[in-house]
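User: Hi! I would like to learn how the words used for a protein model are tied to numbers. Could you take me through one?

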Amino acid sequence: MTTTLESFQSLFNGSTKNKSYRTDSGKVHTIDWNVDGSRLASGSLDKSVVIFAYDGKGSMVKDRTYREHGEEINQLAWHPSISHNVATASGDRLVKIFDTRTDRSNTTIETKGEKFKLFILILYIDYILLGENINLAWSPDGTTLAVGNKDDLITFVDVKTSKIIREEQFRYEVNEISWDRTGNLFAVTTGHGSVVFFDAPGIQKEKDKPLEELHCLTAHTGNCICLEFDATGKYFAVGAADASASIWDVSQLVCLTVLTRIEWAVRGLSFGCQSQLIALASEDPYIEIAKVDTGERVHALKCDVQTLAVAWHPKASVLAYVQDDDSGSVRLFGVLD
């Protein structure tokens, strides 16, 4: 059922609350809800992964904390259909999969990269990690993980065997990565302002040949930073350094609307409320919440500092978000009891 702009505005301007939950860790980089909305995971600068249990009524409690990575957690993502499995990508070049019913990870995959020892004035020794993992995505059927690193290398992992099945090196800057909901397209956002689509079934075939490029969309005038396909498979959205976000029709690859009210780069975005709303995380002192079909503003959620990540609950009118501060907190905004 489609909700009108006025109904959403009335809801978010009058019937909402804001709650904060401490992770007892450092600055939070990434958050994600699991498939049924019963868990929220966060990954932090201090190398920790925190799992919150959500009660379905607007409150959370911290359930587990994992400290197995050697560097900060740059991104995490829940399995698309198994509600207790979450994968993490870290600066230590490791990918881990946690069964959140247990106290330790059950899978660890090391991706390509090297560790160099750096001597400074012969008095100080430090290490430089090359190949820091920064992006992560599951295939829709949950059989494959894609991991992108700072060297523009995407590594594809067979989840069942925990083996690397393909490494794809790009000659241009690659940012966020994602499959579409059908599993037929694999998309990457680039530093050239484009979104490039590849033949996803080809990931498992002809592994000695480059992935087949199907489409290249010029989406923005600046670096395309983030990307998300909505739950229905009808839309995808792109956030960029040109202070805008675009919403596209997947089947036609046609731009439907562009959100331009913000003034700084869009760092994250999320579809919610049955794909009727989109939230934008940016360097602006608020989170833009807009209607997907028209681009009209529903609400501007004021923030003390810039927002690093946003994630709508898969079933409720609740938005999780984290800010660029050292509080180590995850915040919920929406219809909370």
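Analyst: Happy to! Let's begin with a definition: the radius of gyration is taken over C-alpha atoms, and the globule rule is 2.2 Å times the number of residues to the power 0.38. Please keep in mind that this is a predicted model, where local features need pLDDT of at least 70, side-chain atom pairs count only at pLDDT 80 or more, and totals for chains, interfaces and linings use all residues. Residues are numbered from 1 along each chain as its sequence is written, and side-chain values use heavy atoms, with hydrogens and water left out.

User: What makes the radius of gyration of the protein agree with a compact globule?

Analyst: The rule puts a compact globule of 337 residues near 20 Å, and the protein has 19 Å, so the two agree. Along its principal axes, the C-alpha trace spans about 60 × 45 × 40 Å.

User: Why is Gly142 called buried?

Analyst: Buried means under 20% relative accessible area, exposed over 50%, and partly exposed in between (1.4 Å probe, protein chains only). Gly142 has 7%, so it counts as buried. Across the protein, buried residues make up 56% of the 337 residues.

User: Where is Gly142 found, and what is it in contact with?

Analyst: Gly142 sits in the loop between strand S12 (133-138) and strand S13 (144-149). Strands (E, at least two residues) and helices (H or I, at least four) are DSSP runs, numbered from the N terminus. Contact means heavy atoms within 4.5 Å. Leaving aside neighbours within four places in sequence, Gly142 is in contact with His79, Pro80 and Val159.

User: Why does Ala281 count as buried?

Analyst: Its relative accessibility is 0%, so Ala281 falls in the buried class. Ala281 lies in strand S25 (residues 277-282). Not counting residues up to four places away in sequence, Ala281 touches residues including Ala265, Val266, Thr307 and Leu308. The C-alpha atoms of Ala281 and Ala311 are separated by 9.6 Å, although these residues are 30 apart along the chain.

User: How many helices and strands does the protein have?

Analyst: The secondary structure comes to 1 helix and 30 strands.

User: How do you know what share of the contacts joins residues 24 or more positions apart?

Analyst: Among contacts with a separation of 6 or more, residues 24 or more positions apart account for 45%.
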